[in-house]
Amino acid sequence: MKHRVLLTGGAGYIGSHTYVALVDAGYDVVILDNFSNAAEDVPKRLKDLTGQDTTVVKADVLDRAALDRVFKGHKIDAVIHFAAYKSVAESVRKPLAYMQNNVVGLINLMQAMDDAEVRRLVFSSSATVYGAHAELPIREDAALSYANPYGHSKLICEQIIEETIASDPRWSVGVLRYFNPVGAHPSGLIGEDPAGVPDNLMPYVAKVAAGELPVLSVFGDDYPTPDGTGVRDYIHVFDLAQGHVQSLNALERDGTGHIVNLGTGRGYSVLELIATYARASNRDIPYKIAPRREGDAASSYADPSLAKAVLGFEAQYDLFDMCRTSWVWMQTSTQTAD
Ligand code: WQD
């Protein structure tokens, strides 16, 4: 009997890649998405990729009645919760919207799950809960903090989950703390599709490579790192997707939850990423050194050993794969001539 998984935000960047990995792993999947940060044709592209019809419910996690209808209309065994706002910069401008969408959205979802007797959850968290000064490599027992409303909302969600589990042991939850998801499905059919000018490095570099943006600003070259620019643990979105399948499998197998980092354990600097992207795309990437960005850490990379021990997770793709698949996606989504 196939287990059926509800993906909230399943038409989004990480959700859509996880959808493909779940179908490949033999799960039935229902997507719930309000399409506020996903193209309307993603379900069609997912059907092309998997060869199976996609079951999509257009709804918002802030709409409790819509959530109840989904659980009444589909026999759901587990939920992966992606639906959240995720821009650090935007969260500083709109803290109330971030708290409402990310925190109230989670509360709505967990209450609807509880009423429907569905208590197996994988939660999309973030390395931002470690704040900007964690000891490296970052372990899951590092002190938790936040440096912006986005990270704060994720920390509050983790605390709500912890308190819910303490109140009712029937819950089993996998909390996955993502480092820096980048790259795209090798087919070029799905990928990161940020509206407007991207905040994050890889999609910005992709637009510079494609000639859609003239130059990249490197936010600081005076950090205490090998080349002075910021170091991050970039992880291929397809590795990340596999980590979600392994988290679900572990919840089903163990009946208990886990909190794990999903990263490669390897940090790359901004200049290393630029050079790798230039190689992968065969394009020049013009850049200029600019002032540091408020709140940025010098370095952030994971200790991935707990995810390996608990889930059997191990990242397979390297930075060149991440850049190459990003470039293939950039070309297919903007029809850029190679
Ligand atoms: C990476 C590096 C910048 C843009 C954030 C969130 C995290 C996750 C990913 C949601 C840093 C430098 C960037 C640019 C640059 N989001 N940079 N020029 O800040 O590590 O993580 O996004 O889940 O939760 O915190 O990612 O890609 O913005 O920055 O020099 O135009 O690239 O200074 O060193 P970040 P990023």
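A polar side-chain atom of Asp296 lies 2.6 Å from an oxygen atom of the ligand, a polar contact being a pair of N or O atoms within 3.5 Å. The structure is a predicted model, in which local features need pLDDT of at least 70 and side-chain atom pairs count only at pLDDT 80 or more, whereas totals for chains, interfaces and linings use all residues. Residues are numbered from 1 along each chain as its sequence is written, and side-chain values use heavy atoms, with hydrogens and water left out.

The ligand is surrounded by 19 residues, of which Leu201, Ser217, Arg232, Arg293 and Asp296 are the closest; a residue is counted if one of its heavy atoms lies within 4 Å of the molecule. An N or O atom in the side chain of Tyr150 is 2.9 Å from an oxygen atom of the ligand. Ser217 places a polar backbone atom 2.8 Å from a nitrogen atom of the ligand.

Helices (H or I, at least four residues) and strands (E, at least two) are DSSP runs, numbered from the N terminus. Strand β5 (residues 120–126) pairs with β6 in the parallel sense over seven bridges, pairing requiring at least two DSSP bridges between the strands. On its other pairing, β6 runs parallel to strand β11 (residues 258–262), to which five bridges join it. Leu176 of β6 is the bridge partner of Ser124 and is itself partnered by Val260 in β11.

Seven of the seven residues of β6 (residues 172–178) are buried, so this strand is largely enclosed by the rest of the structure; buried means under 20% relative accessible area with a 1.4 Å probe, protein chains only. Ser172, Gly174, Leu176 and Tyr178 point one way from β6, and Val173, Val175 and Arg177 point the other way.

The largest nonpolar core contains 38 residues, of which Leu7, Tyr19, Leu22, Ile80, Leu248 and Leu262 touch the most other members. Such a core is a set of buried Ala, Val, Leu, Ile, Met, Phe, Trp, Tyr and Cys residues joined through side-chain atoms within 4.5 Å. Helix α8 (residues 237–254) supplies the largest share of this core, eight residues. Apart from it lies another core, of 27 residues, including Ala59, Ala66, Met110 and Phe123.

Technical notes
Buried means under 20% relative accessible area, exposed over 50%, partly exposed in between (1.4 Å probe, protein chains only). A polar contact is a pair of N or O atoms within 3.5 Å; within protein, one must be able to donate a hydrogen and the other to accept it, and residues adjacent in sequence count only if both atoms are side-chain atoms.
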